[in-house]
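Please look over the two-chain model below before reading my points.

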Amino acid sequence: MTEQRGGRPVSASQRPTGTDKAVVTQKKQYFRRKKVCRFCVEKIDDINYKDVRMLNAFIAERGKIIPRRISGVCAPHQRRLSDAIKKARNIALLPFAASI
Amino acid sequence: MRVYEELFIVKPDAPEEEVDGFIESLRSSISSAGGTLDKVEKWGKRKLAYRVERYHEGAYVLLQFSSDKADTVKEIERRLRVSDLVIKFLTVRIDHTLKRLEKRKKQREKRAQRRAVAGPAPAQPSVAQQMLGESAEKEA
């Protein structure tokens, strides 16, 4: 599990953090800021389903959970995050499907 | 000892005294089932994210209780289900989470102390620690 297959990039949490060193993709010449896991950087241990304000940052307009390839959250934290969002949905703190 | 959190939504038009009375009745049923009610938190009225039983808002109440027996939860959930005041509820067991958080907090304190005393961080932390402490070490 720890080995990297093929040319897959290292997961977001293992990449160097802090700097926004540019990543130049092979063909398209544009700069991309490196994504970091917010929970690792800010050292948030508790991802609680009652903290609606925090969870709101990780759901899209329609109420969907934002994938970690976009938000940059590391896998262990994304797991806890999705659990928390699902609990919050169950008690009507967050919508299952929001109308715009 | 198991620790539980019970978050439930009360109808917005229910009178305050009735809600208090209901919470008291829950307290007595918890203690008669061999547990203790540790915390009661009323959040007040909030807008619901979706419609529940034709209501668009509700009063949230958070209880924290601990018990040795699994029957306590069964009994509490039964009472919530039967009650006319309550429109939705959620039970979460939190003792594992609390334990994990406590452990994590201790770890962080220890690491901060070590860094303060010894200066540079130890050469070879384990893989699990590396992931946690990576950002911390960068700062040092």
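The numbered points below cover confidence, fold and packing.

1. Ground rules. This is a predicted model, in which local features need pLDDT of at least 70 and side-chain atom pairs count only at pLDDT 80 or more, while totals for chains, interfaces and linings use all residues. Residues are numbered from 1 along each chain as its sequence is written, and chains are lettered from A and ligands numbered from 1 in the order in which they are written.

2. Confidence overall. The model scores ipTM 0.73 and pTM 0.71. pLDDT is the predictor's confidence in each residue, from 0 to 100. Chain B has a mean pLDDT of 84, with 84% of its residues at 70 or more. Chain A averages 78, and 71% of its residues score at least 70.

3. Confidence by element. Helices (H or I, at least four residues) and strands (E, at least two) are DSSP runs, numbered from the N terminus. In chain B the lowest mean belongs to helix 4 (residues 127-139), at 54, and the highest to strand 4, at 92. Residues 1-7 of chain A stay under 50 in pLDDT. The model has 1 contact beyond four places in sequence for that stretch; two residues are in contact if their C-beta atoms, placed from the backbone, lie within 7 Å. Where pLDDT is low, the predicted coordinates should not be read in detail.

4. Chain make-up. Chain A has 4 helices and 2 strands, in the order β-β-α-α-α-α from the N terminus. Chain B has 4 helices and 4 strands, and its elements run β-α-β-β-α-β-α-α. A residue is buried if 20 or more other C-beta atoms lie within 10 Å of its own, exposed if 12 or fewer, and partly exposed in between, with C-beta atoms placed from the backbone. Of the 100 residues of chain A, 24% count as buried. In chain B, buried residues make up 19% of the 140 residues.

5. The sheet of chain B. Its 4 strands form an open sheet in the order 2-3-1-4, with antiparallel pairing. Strand 2 (35-52) and strand 4 (86-93) of chain B stand at the edges with a single partner strand each, so one side of each is left without a neighbour in the sheet. Neighbouring strands are turned by 20° against each other on average, direction ignored. Axes are lines fitted to C-alpha atoms, for helices over the stretch in contact, and angles run from 0 to 180 degrees between N-to-C directions.

6. Strand pairing. Two strands pair if DSSP finds at least two bridges between them. Strand 1 (residues 2-10) and strand 3 (residues 55-67) of chain B are antiparallel over 9 bridges. Along this pair, Glu6(B) stands opposite Leu63(B), and Phe8(B) stands opposite Val61(B). Strands 2 and 3 of chain B are joined by 12 bridges. They form a hairpin with 2 residues between them, and Glu53(B) in the turn has a positive phi of about 45°.

7. Helices on the sheet. Helix 2 (residues 71-82) of chain B lies across strands 1, 2, 3 and 4 of chain B and runs at about 165° to strand 4. Helix 3 (residues 95-118) of chain B has 24 residues and reaches 34 Å from its first C-alpha to its last. That is close to the 34 Å expected at 1.5 Å a residue, where the expected span is 1.5 Å times one less than the number of residues. Helix 3 of chain B is hardly covered, with a count of 0 buried residues.

8. The core. Which residues have the most contacts inside the largest nonpolar core? They are Ala84(A), Ile85(A), Ala88(A) and Ile9(B), in a core of 36 residues. A nonpolar core is a set of buried Ala, Val, Leu, Ile, Met, Phe, Trp, Tyr and Cys residues joined through C-beta atoms within 7 Å. Beyond four places in sequence, the contacts of Ile9(B) include Ile91(A), Ala92(A), Val52(B) and Val86(B).

9. One residue to check. Phe65(B) lies in strand 3 of chain B. Phe65(B) is buried, with 24 other C-beta atoms within 10 Å. Phe65(B) and Gly35(B) are 30 residues apart in sequence and 7.0 Å apart in space, C-alpha to C-alpha. Among the residues that Phe65(B) touches are Tyr4(B), Ile30(B) and Leu37(B).
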